[in-house]
Amino acid sequence: TPELAAWLAETLPALPKGATVGTYTYLDGELNVRISLACDLVCSSLVAKGLCAGVAFVQTPSQAFLLPAGCTEACDESYASSYLRLLRYEPNARPAAPVADGEPTRHAHDGYVPMQGPNYALAKAINHWRAVLARSRDGLTVSSNVAPACRTASMVAGDNKNARAVAAALAGMGRRFFRPTPRPPLAATPGHRARVRLF
């Protein structure tokens, strides 16, 4: 990691101004947390030295975040008529959390997928936190797009302990869902977003 950060620190000044540093990494299990931390160290060092104008990540819907009360109400209405209720899936929009007197109510979207495990959740949270800091504190352009649902090798093979169950579920869904990773659109998106300076 220090060697990569040093190489980028030497290389980026020679590039046209406005370089965006993207991190698109994944490894199975706790290695995913390690590589996310390593990428975060590289990004934070480059940002601190003023060597990049933006950072980019591929995000996931499998996270938890706060929702406005109106959004929660709309989710509840949608869930009431959804086949997911018949399958006994819990809604992602959770009931309002207890708060102190005088505090506004807080609603949360719980997008965590237990099958993905805590390492995946933590690795993506590290990316998300870096994106928030880069935008709100450092004033950088940030591309942090949620990747579309797709079928990847790590989902159905390798050291993934749930691989057989996932492979069977995906096979039952047919080819309409979870197509192979859509690399070309995802590769082009951060560049477009950086060019038009969108968050």
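Visitor: Which elements do the buried residues of α5 pack against?

Guide: In this predicted model, helix α5 covers residues 117-136 and reaches 29 Å from its first C-alpha to its last, close to the 28 Å expected for its 20 residues at 1.5 Å a residue. Its buried residues include Y120, K124, N127, R130 and A131, as well as A121, A123, I126, L133 and A134. The partners against which these buried residues of α5 pack are α2, β2 (54-59) and β5 (141-146).

Visitor: How do the axes of α1 and α2 cross, and at roughly what angle?

Guide: Two packed helices are described by the angle between their axes and the distance between the axes. Helix α1 spans residues 2-11 and helix α2 spans residues 30-48, and their axes come within 9 Å. The crossing of α1 and α2 is right-handed, and the angle is roughly 35°.

Visitor: Which residues make the contact of α1 with α2, and how do they divide into nonpolar, polar and charged?

Guide: From α1 the contact draws on L4, A5, L8 and A9, while α2 supplies V42, S45 and L46. Sorted by type, the residues of this contact are six nonpolar, one polar and no charged.

Visitor: Which element gives the largest share of the largest nonpolar core?

Guide: The largest nonpolar core holds 17 residues, and those with the most contacts inside it are V21, L46 and V55. Two or more residues of this core come from each of α1, α2, β2 and α5. The largest share, four residues, comes from α2.

Visitor: Which residues does L46 touch, leaving out those up to four places away in sequence?

Guide: L46 belongs to the α2 side of the contact with α1, and L46 is also among the residues with the most contacts inside the largest nonpolar core. With residues up to four places away in sequence not counted, L46 touches A5, L8, A9, L12, V21, L51 and C52.

Visitor: Is T23 buried or exposed?

Guide: T23 lies in strand β1, where it touches C39, C43, A56, F57 and V58, not counting residues up to four places away in sequence. Because its relative accessible area is 10%, below the 20% cut-off, T23 is buried.

Visitor: Which residues is H107 in contact with, leaving aside its neighbours within four places in sequence?

Guide: H107 lies in strand β4, residues 107-110, and H107 counts as buried because its relative accessibility is 13%. Leaving aside neighbours within four places in sequence, H107 is in contact with F65, L66, L67, A69, T72, R94, P95 and A96.

Visitor: What distance separates the C-alpha atoms of V113 and S62?

Guide: V113 lies in the loop between β4 and α5, and V113 counts as partly exposed because its relative accessibility is 38%. Along the chain, V113 and S62 are 51 residues apart, whereas the separation of their C-alpha atoms is 6.2 Å.

Technical notes
Residues are numbered from 1 along each chain as its sequence is written. This is a predicted model: local features need pLDDT of at least 70, side-chain atom pairs count only at pLDDT 80 or more; totals for chains, interfaces and linings use all residues. Side-chain values use heavy atoms; hydrogens and water are left out. Axes are lines fitted to C-alpha atoms, for helices over the stretch in contact, and angles run from 0 to 180 degrees between N-to-C directions. A crossing is left-handed if the near helix is turned anticlockwise from the far one by less than a right angle, and right-handed if clockwise. Contact means heavy atoms within 4.5 Å. Ala, Val, Leu, Ile, Met, Phe, Trp, Tyr, Cys and Pro count as nonpolar, Asp, Glu, Lys and Arg as charged, and the others, Gly among them, as polar. The expected span of a helix is 1.5 Å times one less than its number of residues. Buried means under 20% relative accessible area, exposed over 50%, partly exposed in between (1.4 Å probe, protein chains only). A nonpolar core is a set of buried Ala, Val, Leu, Ile, Met, Phe, Trp, Tyr and Cys residues joined through side-chain atoms within 4.5 Å.
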